[in-house]
Amino acid sequence: HNKIGDDGISAIAATLNSSSVRSLDVRGCDFTILGVKCLSTTLSTNQNIRALWLSGNDMTFEGARLITQAAVDNGKCEHVFFGGEYENDDVVKKMRIILEDRNRQNASNKGSSKDDGGTKQKSLEESPQQQP
């Protein structure tokens, strides 16, 4: 694990804007909510990113929720792993349900002539959020 911090994760996020990277493991990179904001912006628009590992960072519950919404907005992201206390957050749990449902739907659509690629989006804004 590299301790790249907020500046490092922001640089990676900027690079990912035009990248075909499908999975990103940034466990233990020592970034905070500042880095999460850059990463979530990239995740919400780069539909190549399918899996993200984030444990061991001080992203706060707000950061976990930003990443959660970005993964859902992405339309094709399949897995986000936070680890630790963030896994028990109600919003994160709802995200897992949405992603699992979308993954099942995509799997059942494979081979059909009309596959939306998981682009149907659901918002977590309508869900009550657990306070940390």
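Helices (H or I, at least four residues) and strands (E, at least two) are here DSSP runs, numbered from the N terminus. The model is predicted, so that local features need pLDDT of at least 70 and side-chain atom pairs count only at pLDDT 80 or more, while totals for chains, interfaces and linings use all residues. Residues are numbered from 1 along each chain as its sequence is written, and side-chain values use heavy atoms, with hydrogens and water left out.

**Packing of α2 and α3**

- Helix α2 (residues 33–45) packs with helix α3 (residues 60–74) at an angle of about 5°, their axes being 8 Å apart; the axes are lines fitted to C-alpha atoms, for helices over the stretch in contact, and angles run from 0 to 180 degrees between N-to-C directions.
- The two helices α2 and α3 are therefore roughly parallel to each other, a term for angles under 35 degrees.
- On the α2 side the contact (heavy atoms within 4.5 Å) includes Ile33, Val36 and Leu39, and on the α3 side Leu66, Ile67 and Ala70 are among the residues that take part.
- The residues of this contact divide into 8 nonpolar, 5 polar and 3 charged, where Ala, Val, Leu, Ile, Met, Phe, Trp, Tyr, Cys and Pro count as nonpolar, Asp, Glu, Lys and Arg as charged, and the others, Gly among them, as polar.

- Helix α3 is mostly covered, since 11 of its 15 residues are buried (under 20% relative accessible area, with exposed over 50% and partly exposed in between, for a 1.4 Å probe and protein chains only).
- The buried residues of α3, among them Phe61, Arg65 and Val72, pack against α2, β2, β3 (79–81) and α4 (90–109).

- Most residues other than glycine have a negative phi.
- Asp30, in the loop between β1 (23–25) and α2, has a positive phi of about 65° although it is not a glycine, and at 46% relative accessibility Asp30 counts as partly exposed.
- Thr60, placed in helix α3, likewise has a positive phi, near 65°, and Thr60 is partly exposed with a relative accessible area of 33%.
- Asn57 lies in the loop between β2 (51–53) and α3 and counts as buried at 7% relative accessibility, with a polar atom of its side chain 2.8 Å from the backbone nitrogen of Asp30.

Technical notes. Angles under 35 degrees count as roughly parallel, over 145 as roughly antiparallel, 65 to 115 as roughly perpendicular and the rest as oblique. A polar contact is a pair of N or O atoms within 3.5 Å; within protein, one must be able to donate a hydrogen and the other to accept it, and residues adjacent in sequence count only if both atoms are side-chain atoms.
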